[in-house]
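Welcome, and please open your viewer. We will walk through one stop after another, with something to select at each.

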Amino acid sequence: MIQNNFSWKIGGEAGYGILSAGAMFARAMLRAGLYVFDYAEYPSLIRGGHNTFEVSVSDRKVFAPRRPIQVLIALNQDTVNLHTHELAPDAAVLYNTNNASVPGGYYGDGVTVIGVPFEDLALASGAERVARNVVALGATYALLKLPIEGLFAIIELNFTLKKKPQAIIDTNKAAARAGFDFINKNLSKPFNYTAKPLSNPERMIMAGNNAIALGAIKAGCKFLSGYPMTPATSIMNTLAGQAQKHNLVVVQVEDEIAAICAAIGAGYAGVRSMTVTSGGGFDLMTEAWGMAGQIEVPLVVVEAMRTGPSTGMPTWSGQDDLAMLLAASHGEFPRIVMAPGDLEQCYFMTQEAFNLAEKYQTPVMVITDKYLASSHSWIEQSGFKDLPIDRGRVAAEKDLPVGTAYKRYLHTKDGVSPRTLPGTPGGEHIANSDEHDEESFSDETAEERAKMVDKRFRKFDAAAADVPLPVLEGDSNADITIIGWGSTRGAILEAIEQLKSHRIRANYLQIKYISPFPVEYVKSVFKKAKKIAVVENNKTGQLAAWIREQTGLAPDYKILKYDGRPFFSDEITSTIKNLL
Amino acid sequence: MATEKDFTSTYKPTWCPGCGNYGIYPATKRALAELGIKPHEAVMVFGIGCSSNGANCYKLYSFHSIHGRSLPVAIGVKLANHELTVLADSGDGDGYSEGTNHFVHACRGNADITYLVHDNRMYSLTQGQTSPTSLKGTKTVTTPAGSINEPFNPVATALVSGATFVAQGFSGDIPHLADLIKKAIQHRGFSLVNILQVCTTYNKVNTFDWYKQHTYKLDATYNPADFNGALLAATRTDGKLPLGILYQTKRPTYDEQIPQIKVEPLVRQPIKVADLEPAFDSYR
Ligand SMILES: Cc1ncc(C[n+]2csc(CCOP(=O)(O)OP(=O)(O)O)c2C)c(N)n1
């Protein structure tokens with residue numbers, strides 16, 4: 001009997017309420033005092049297709065979805081057919097007899113297979129057919145020997161938040177009860193996995209995009225202009241939902257070019273501003289991204305990657321855009337590029353992004369991906385660290401020179417020139433996308449041009465000395481050092497634990513600040529490491545290439561995956577086992 | 001009170017002799033000065049083009065952005081600090097080709113911005129290619145056999161897109177133009193001033209004399225509150241171009257409709273340490 005350690009997965013067509021059932025189950029497990037991590041796969045359409053939602057549940061910290069799956073709820077035939085290889089030998093499969101069939105002997109002997117008329121049960125309990133997903137939750141509760149009251153509470157919460165009338169809540173509870181009773185009647189032998197509520201320590205569950213939005217509010221972001229694009233949109237949604245409370249302005253504009261330009265305008269006028277998008281949207285933004293670099297305006301952009309090129313697979317995950325983001329826009333200018341790897345980092349690094357943008361008056365890129373942006377994980381409030389706000393050098397009227405002209409692009413030691421905000425008497429200047437002199441007038445002379453390029457790049461050197469160094473996590477005397485960036489963090493941490501049971505000691509270097517790059521630190525890691533593997537969700541090893549460009553060093557191995565799915569920890573574990 | 005001179009930078013304009021920008025530049029400064037606006041209270045966002053090179057010539061908060069994007073930058077500025085007087089300034093290529101999307105949506109949104117478009121019916125900075133407002137058949141280096149597209153109608157487009165102030169001026173009539181720009185700035189909401197402009201170097205068709213023959217001033221009998229009348233004036237089939245305020249109406253501005261900035265502009269709202277406790281609770 002295994003208690004409080006299982007992975008649960010539900011699958012069905014789009015429109016079957018897969019995402020909402022999954023989210024309810026994840027939240028129910030969180031409220032039961034367990035650690036949860038969820039992961040959803042869905043195509044880019046509203047009806048039809050195949051949607052799945054998996055929730056990994058444990059009484060110990062879980063950092064990534066865990067395979068194999070112990071409980072599979074198949075609301076349609078596709079779910080029966082497509083996930084056999086993901087199942088544990090002693091898994092349970094509850095399939096929808098209204099919609100699917102399982103041939104005898106289809107699953108291994110150890111698998112508990114129960115046909116459940118999910119839709120009949122929904123209708124019989126007075127609910128609509130769509131409540132099949134809630135019947136499935138009731139069935140899950142019985143299977144895992146969980147008290148059904150916890151589920152009732154979540155049903156109540158879910159439908160109250162959706163402003164549904166009491167009658168809907170009641171019929172959904174009845175639907176849950178029907179699923180619960182059905183399993184209790186039809187489960188012939190006890191299931192190997194159970195769950196038991198623990199005390200709830202007030203943990204939260206949220207996605208990376210929520211943590212970024214909250215970090216932005218904490219940082220005093222006052223303006224977001226955006227254009228919807230999965231998987232970035234929910235940052236905009238979250239901030240729009242909080243806009244009135246925290247007095248920030250969120251505007252949906254006509255396209256991504258307008259989005260970034262308006263954010264630049266607001267940043268120039270003196271408020272902390274941002275825009276959020278995905279790869280295709282950022283492609284459109286690139287010219288203005290360079291403008292922010294040239295006119296030296298603070299700007300924060302979040303790029304949540306999906307799988308390209310072009311439309312690619314809009315609702316799937318990948319890390320294909322790093323090389324593009326490191327070089328985006330013509331010309332050379334300092335840019336800060338960072339990639340958080342979990343919720344705590346999403347929250348904290350978003351605050352850092354705003355500070356750095358204003359301190360160095362330059363664009364800052366926060367890279368995430370669909371997996372980090374939209375997978376929900378447990379988080380403790382103590383994990384959310386606040387950062388003091390640093391608004392950089394802003395000159396007020398009293399700071400301006402008397403008798404001489406104000407020099408917007410003054411050549412300073414660290415390249416940062418005090419800026420004036422419009423409305424400041426005496427601080428008039430040209431925010432000039434043309435190359436310019438210190439006074440901001442267009443200037444194309446050879447000498448001024450080179451001096452101004454150097455000035456901008458001194459800011460980059462200053463930022464390089466300012467951004468935190470990465471941290472080598474784990475055993476300092478490891479057999480292998482794993483280097484990664486962004487969302488691979490959770491799977492790598494889990495893989496390192498798994499490798500211990502194979503007597504392999506691995507440590508982990510997450511490159512959080514990719515530009516400016518921690519050249520000396522990474523060189524020292526290479527020097528000490530016995531073997532190095534770079535793990536990335538792309539075809540060409542973009543971080544590995546960047547490491548080589550910055551340090552001249554190449555890893556021993558590149559572990560790459562580019563099928564639109566994130567790494568699962570067991571894949572990293574078995575690959576490394578085979579390499580060593 | 002600030003004078004025209006206070007809005008004049010030390011940078012000498014580099015436009016060709018006879019360029020219409022020599023009319024638009026003083027007219028704009030005069031409008032700002034006569035309205036009692038101080039240089040530090042005004043932001044002018046330019047695109048890229050001959051006209052936009054004027055960014056250097058004004059002494060105010062000038063923003064020389066990128067081709068076609070003066071409007072979205074200006075809207076960002078306005079939403080961050082709606083107490084500023086915000087103008088966007090573009091050429092016809094800038095505003096009606098590269099930036100058309102922004103133009104149409106700015107009309108819909110009605111942010112309190114004044115949009116000055118230097119309409120010389122030509123891409124001049126890039127040395128004389130056809131523009132969206134060039135007459136059909138215009139021969140240029142890229143259209144040696146004559147342009148094929150029908151000309152874009154900026155004032156009609158503004159009208160049907162929901163602009164609340166639509167005017168047309170002429171670079172050759174500075175007092176009239178200055179008055180239009182003044183009224184456009186005073187108007188609460190999005191105001192377009194399409195400025196018919198000569199390009200002495202590249203546009204040999206739409207010359208000073210051509211404009212004199214093809215334009216007429218809207219007189220006292222014209223009612224700028226009448227939308228249908230404005231549409232008729234904007235779409236005349238006899239090739240005559242009206243000068244003056246074609247249309248003006250009242251509608252709440254974009255910025256007025258955002259409760260968060262009803263009391264104080266965003267930029268003056270102190271960054272308070274946000275209380276995220278209720279937000280956190282919603283994730284429990
Ligand atoms: C993205 C981009 N495309 C093209 C150009 C080249 N370009 C500069 S100005 C211009 C057109 C200028 O015409 P208009 O806007 O009518 O202004 P004018 O020079 O006539 O005042 C073009 C195409 C550019 N700077 N940026």
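How many nonpolar, polar and charged residues does the shell around the ligand have? By class, the shell has 5 nonpolar, 8 polar and 4 charged residues. Here Ala, Val, Leu, Ile, Met, Phe, Trp, Tyr, Cys and Pro count as nonpolar, Asp, Glu, Lys and Arg as charged, and the others, Gly among them, as polar.

Before we go on, a word on how to read this tour. This is a predicted model, in which local features need pLDDT of at least 70 and side-chain atom pairs count only at pLDDT 80 or more, while totals for chains, interfaces and linings use all residues. Residues are numbered from 1 along each chain as its sequence is written, chains are lettered from A and ligands numbered from 1 in the order in which they are written, and side-chain values use heavy atoms, with hydrogens and water left out.

**Stop 1: the ligand**

Select the ligand and the residues around it. There are 17 of these, and the closest are C50(B), D92(B), G93(B), D94(B) and M122(B); a residue belongs to this group if one of its heavy atoms lies within 4 Å of the ligand. Color by chain next: the surrounding residues come from chains A and B, so the site is shared between chains.

Now highlight helix α3 of chain B, residues 92-98, which gives the largest share of the shell, 4 residues. Helices (H or I, at least four residues) and strands (E, at least two) are DSSP runs, numbered from the N terminus.

- C50(B): a backbone N or O atom lies 2.8 Å from a ligand oxygen.
- G93(B): a polar backbone atom is 2.9 Å from an oxygen of the ligand.
- M122(B): a polar backbone atom is 3.0 Å from a ligand oxygen.

Taken alone, the ligand exposes 590 Å², and the protein buries 77% of that. Such accessible areas come from the Shrake-Rupley method with a 1.4 Å probe; for residues, only the protein chains shown count as cover.

**Stop 2: where the chains meet**

Show both chains. In chain B, 52 residues are in contact (heavy atoms within 4.5 Å) with 66 residues of chain A. About 4,800 Å² is buried between the two chains, and carbon and sulfur atoms give 62% of it; buried area is the accessible area (1.4 Å probe) that two parts lose on being put together, summed over both.

A salt bridge is a side-chain nitrogen of Lys or Arg within 4 Å of a carboxyl oxygen of Asp or Glu. Across this interface the rule finds 2 salt bridges and 26 residue pairs in polar contact, both residues being at pLDDT 80 or more.

**Stop 3: inside chain A**

Select K459(A) and E296(A), whose side chains meet in a salt bridge at 2.8 Å, N to O. K459(A) lies in helix α14 (446-466) and E296(A) in the loop between α10 (279-295) and β13 (299-305), so the pair ties together parts 163 residues apart in sequence. Stay on E296(A) to see its phi near 65°, a positive value in a residue other than glycine.

Finally, which peptide bond is cis, with omega near 5°? The bond from T230(A) to P231(A); P231(A) lies in the loop between β10 (223-226) and α8 (233-246) of chain A.

Note on methods
Polar contact = N/O pair within 3.5 Å; in protein donor to acceptor, adjacent residues only side chain to side chain.
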